[in-house]
Amino acid sequence: MEEKPIANSKKRIAICGGGNLGHVVAGFVAAQGKYDVCLLTRQAERWDQELIIEAPDVTYKGRLDSVVSDAKQAVSNADIVLLCLPGYGIRDTLLQIKDFLKPNAAVGTVVSSTGFFFQAMEILPEYQTLFGFQRVPFISRVIDYGHKARLMGYKESLELAIERCDRPESLRETLSDMLRTPIHLLNSHYEVSLSNSNPLLHPSRLYSLWKNWHEGIV
């Protein structure tokens, strides 16, 4: 009897953003060898598939599954989509990926004080699982764009909010394993979104005010 090939059981992770955090998170996760990592960036041609991440205690070498500038290629098979982007880049990226996401994919951001949850709830389908960290998982710097970056500092633990998820504990465990950092699950995205800055000037509130004005509510 002909043997069938063993299916690839690795979770597929799509990292959106080729900045400091995009480099370090993609390389760090890929170096574990437990996940297939695809990077979505506008400058895909400048990247090697192998990333070198210099950390205080060790140097990681992570081989990316692919580096692309096409949203469909990046996220259509992804189990987890992680946005490593500044606040101004989140809305456009969500609009780019929304039509190509798997229904059971989880979409999140490395930091939530950007209005991420409010924008994601507006743009993505109601069934799409969302998650966001209170603060970035690593202090990161690019050394050689597309080739090498420096992980300058770890966090002892992370705070995470998850919405629209039937199995939040399973997602928390996966993210904790990816980042090798203990993660505490918060009760609501409001906790993680409003804890980082003055609520009166918070990006999420400013976005809501702009949206209301744009729609003629105020």
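**Exercise 1. Find the residue of β8 that is the bridge partner of Ala106, and trace how the chain crosses from β7 to β8.**

Step 1. Ala106 pairs with Thr129 in β8. The model is predicted.

Step 2. Strand β7 covers residues 106–109, and four bridges join β7 to β8. These two strands run parallel.

Step 3. Between β7 and β8 the chain passes through helix α4, residues 116–123. This β-α-β crossover is right-handed.

**Exercise 2. Decide how far strand β8 is enclosed by the rest of the structure.**

Step 1. Strand β8 spans residues 129–133. Sort its side chains by direction: Thr129, Phe131 and Phe133 point one way, Leu130 and Gly132 the other.

Step 2. Apply the cut-off: buried means under 20% relative accessible area. Five of the five residues of β8 are buried, so the strand is largely enclosed by the rest of the structure.

Step 3. Look at another pairing of β8. Strand β11 (residues 158–163) pairs with β8 over four bridges, in the antiparallel sense. Here the bridge partner of Phe133 is Leu160.

**Exercise 3. Give the strand order of the open sheet and identify the strands at the edges.**

Step 1. Eight strands make up the sheet, in the order β5-β2-β1-β6-β7-β8-β11-β12. The pairing is mixed.

Step 2. The edges are β5 (66–68) and β12 (183–185). Each has a single partner strand, so one side of each has no neighbour in the sheet.

Step 3. From one strand to the next, the twist averages 25 degrees.

Step 4. Now take β5 itself. Three bridges join β2 to β5, and the two run parallel. Cys38 has Ser66 of β5 as its bridge partner.

Step 5. Helix α1 (residues 20–31) lies across β1, β2 and β6, at about 160 degrees to β2.

**Exercise 4. Show on which side of helix α3 its buried residues lie, and list what they pack against.**

Step 1. In α3, residues 87–97, the buried residues are Gly89, Ile90, Thr93, Leu94 and Ile97.

Step 2. These residues cover an arc of only 135 degrees around the axis, which puts them on the same side of α3.

Step 3. An α-helix has 3.6 residues a turn, so residues three or four places apart point the same way.

Step 4. The packing partners are β1, β2, α2, β6, β7 and α4.

**Exercise 5. Take three of the seven salt bridges and locate the partners of each in the chain.**

Step 1. Lys34 and Asp177 bring their closest N and O atoms to 2.8 Å. Lys34 sits in the loop between α1 and β2 and Asp177 in helix α5 (residues 168–179), so the pair ties together parts 143 residues apart in sequence. Lys34 is partly exposed at 41%, and Asp177 is partly exposed at 28%.

Step 2. Glu122 and Arg91 meet at 3.4 Å, N to O. Glu122 is in α4 and Arg91 in α3, 31 residues apart.

Step 3. Arg172 and Glu169 meet at 2.5 Å, N to O. Both lie in α5, three residues apart, about one turn of the helix. Arg172 is buried at 17% relative accessible area, whereas Glu169 is partly exposed at 37%.

Methods: Residues are numbered from 1 along each chain as its sequence is written. This is a predicted model: local features need pLDDT of at least 70, side-chain atom pairs count only at pLDDT 80 or more; totals for chains, interfaces and linings use all residues. Side-chain values use heavy atoms; hydrogens and water are left out. Buried means under 20% relative accessible area, exposed over 50%, partly exposed in between (1.4 Å probe, protein chains only). Two strands pair if DSSP finds at least two bridges between them. A crossover is right-handed if, with the strands pointing away from the viewer, the path from the first strand over the helix to the second runs clockwise. The arc is that of the directions from the helix axis to the C-beta atoms. Contact means heavy atoms within 4.5 Å. Axes are lines fitted to C-alpha atoms, for helices over the stretch in contact, and angles run from 0 to 180 degrees between N-to-C directions. A salt bridge is a side-chain nitrogen of Lys or Arg within 4 Å of a carboxyl oxygen of Asp or Glu.
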